[in-house]
Amino acid sequence: MRYEGLTEEELMRLYQDGDLDALGAMAILLLPKLAAIARARFSDKNLADEALQEFWIKIINKADSFKHDSKVSTWAYQVVNNTYLDLIRRESKRSYLNEEISLVESKADDAREFAEVSTNEMTVKAALLKIPKDQAEAVALVWLDGFSIEESAKILGIPANTVKSRISRGKAALAEVLRELDPRAGNQKYV
Amino acid sequence: MTKKDDFVEDLFRDLPKSNQMSEIELKRHEKLILQRIEEMKLERVKKHSSIYGRFQKQFQLAAAFLVAVAGIGFVINQSSTTGKSELEIAISKPSPADENENKSPSNNSGEIEKPTKSVGGSDQFEVTDPAKNKYLFSTGLDYETQLSEIKSIIKLSPTPVEISKIAAAYGKCAIELGINEQLQAIDKGSYQGEEVLAFFYEGSSANSNIWIVSKSCKKIAKI
């Protein structure tokens with residue numbers, strides 16, 4: 001293969017010198033990492049697939065803005081995190097509509113249960129939109145994607161202690177938001 | 001942060017995850033990526049061609065503009081040049097040399113004649129530029145009766161006239177007369193009712209030697 005053995009950074013340089021095929025090769029190289037994030041953040045397979053596509057489209061579209069001041073994977077995670085918050089925003093609206101439809105049109109227990117589960121998941125994730133973005137990024141990487149504090153620190157390009165601090169503040173903020181969304185929060189688990 | 005907030009972490013960690021993506025699914029995304037890259041290549045080609053097209057259009061407009069400007073400039077230049085030459089003609093004055101030459105009664109335009117060879121072998125006079133033949137004259141005066149007047153008109157060259165700078169017939173005649181290295185002026189006049197050529201040589205304006213010859217350089221008299 002033409003680009004075999006090249007790093008993400010080298011492929012990015014080739015692209016920025018005008019080689020569009022190098023951009024494709026770089027996106028393909030990032031694909032397994034992006035797929036892992038999509039899978040970790042969306043329980044629904046279709047949503048995960050949709051998210052993965054959104055991730056690599058955003059990375060391709062924003063590749064011109066990469067300044068080579070960090071690793072490509074770090075930059076890509078930041079792009080993915082922003083995209084993820086957009087997707088949650090979009091999905092929470094869609095989920096709200098689904099709930100309305102399911103309550104009006106279907107009284108079946110299965111349908112109600114499905115709606116309740118998906119709504120609870122979206123409620124939890126939508127809470128991320130209501131806290132500061134830097135805290136939401138740290139929470140998503142550690143709690144949803146399963147990265148360690150150190151790995152998350154490398155991805156975000158910040159010290160590990162800062163990641164811990166952001167998660168701590170994020171946890172308090174999320175608790176506040178979730179209690180507002182549902183007073184039962186804290187007394188029982190959602191799912 | 002309090003202990004009672006720990007439920008948040010549990011909520012997030014316990015959220016369901018989708019199954020790991022299969023190789024087939026990843027391959028499908030690879031194909032989609034490659035398709036997108038091909039689309040971007042086409043977009044780039046279209047963009048380049050549209051930029052080229054726009055540049056070409058702009059170039060044509062610029063070229064047309066330059067041609068128009070050059071045309072206007074030419075017209076303006078022509079009109080200003082004509083005005084200037086008219087002005088120069090109006091203010092120009094003849095130089096003393098010109099005045100001298102204009103005194104010679106050749107013709108109204110100030111031009112004098114020089115001989116040229118005819119078919120019959122005899123010399124003919126042709127019109128020449130006086131500025132180029134400063135020591136060639138055409139007084140038309142009679143060398144028998146008007147010599148003093150002729151001498152006041154004829155201006156002698158302080159150095160021998162170069163044969164190469166006068167008409168070939170004159171030069172040939174000067175050589176035949178043996179005065180080619182002393183020639184000071186040539187004049188066309190008359191002698192005993194006949195059109196003649198007068199070759200001035202080796203002398204001063206007051207006392208000059210003159211050979212009077214026919215048009216065909218036949219010696220008539222030495223004055």
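A residue counts as buried if 20 or more other C-beta atoms lie within 10 Å of its own, with C-beta atoms placed from the backbone. The legends below describe a predicted model.

**Figure 1. Chain A is built from helices.** Chain A has 8 helices and 0 strands. Read from the N terminus, its elements follow the order α-α-α-α-α-α-α-α. Of the 191 residues in this chain, 37% are buried. Among contacts in chain A with a separation of 6 or more, 56% join residues 24 or more positions apart.

**Figure 2. The side of chain A that touches chain B.** Here 36 residues of chain A are in contact with 29 residues of chain B. Two or more residues on the chain A side come from each of helix H2 (20–41), helix H3 (45–62), helix H5 (109–126), helix H6 (133–144) and helix H8 (160–181) of chain A. H2(A) gives the largest share of this side, 11 residues. Sorted by class, the chain A side has 23 nonpolar, 5 polar and 8 charged residues.

**Figure 3. The largest nonpolar core.** This core holds 59 residues. Which of its residues touch the most other members? They are A:Met26, A:Ala27, A:Leu34, A:Ala38, A:Trp56, A:Ile59 and A:Val139. The largest share of the core, 12 residues, comes from H2(A). In soluble globular proteins, nonpolar side chains tend to be buried together.

**Figure 4. Contacts of A:Leu34.** A:Leu34 is one of the residues that touch the most other members of the largest nonpolar core. Leaving out residues up to four places away in sequence, A:Leu34 touches A:Leu52, A:Phe55, A:Trp56 and A:Val80. A:Trp56 is also among the core residues that touch the most other members.

**Figure 5. The packing of H6(A) and H7(A).** H6(A) packs with helix H7 (residues 149–156) of chain A at an angle of about 135°, and their axes are 9 Å apart. Angles over 145 degrees would count as roughly antiparallel and those of 65 to 115 as roughly perpendicular, so H6(A) and H7(A) are oblique to each other. The crossing of H6(A) and H7(A) is right-handed.

**Figure 6. Residues between H6(A) and H7(A).** From H6(A), the residues A:Glu137, A:Ala138, A:Leu141 and A:Val142 take part. They meet A:Ile149, A:Ser152, A:Ile155 and A:Leu156 in H7(A). By class, this contact has 6 nonpolar, 1 polar and 1 charged residues.

Definitions and conventions: Residues numbered from 1 in each chain as written. Chains lettered and ligands numbered in written order. Predicted model: local features only at pLDDT ≥ 70, side-chain atom pairs only at ≥ 80, totals over all residues. Contact = placed C-beta atoms within 7 Å. Helix = DSSP H or I, 4+ residues; strand = E, 2+ residues; numbered from the N terminus. Nonpolar A, V, L, I, M, F, W, Y, C, P; charged D, E, K, R; others polar. Core = buried A, V, L, I, M, F, W, Y, C linked by C-beta atoms within 7 Å. Buried ≥ 20, exposed ≤ 12 C-beta atoms within 10 Å, placed from the backbone. Axes fitted to C-alpha atoms, helices over the stretch in contact; angles between N-to-C directions. Parallel < 35°, antiparallel > 145°, perpendicular 65-115°, else oblique. Left-handed = near helix turned anticlockwise from the far one by under 90°.
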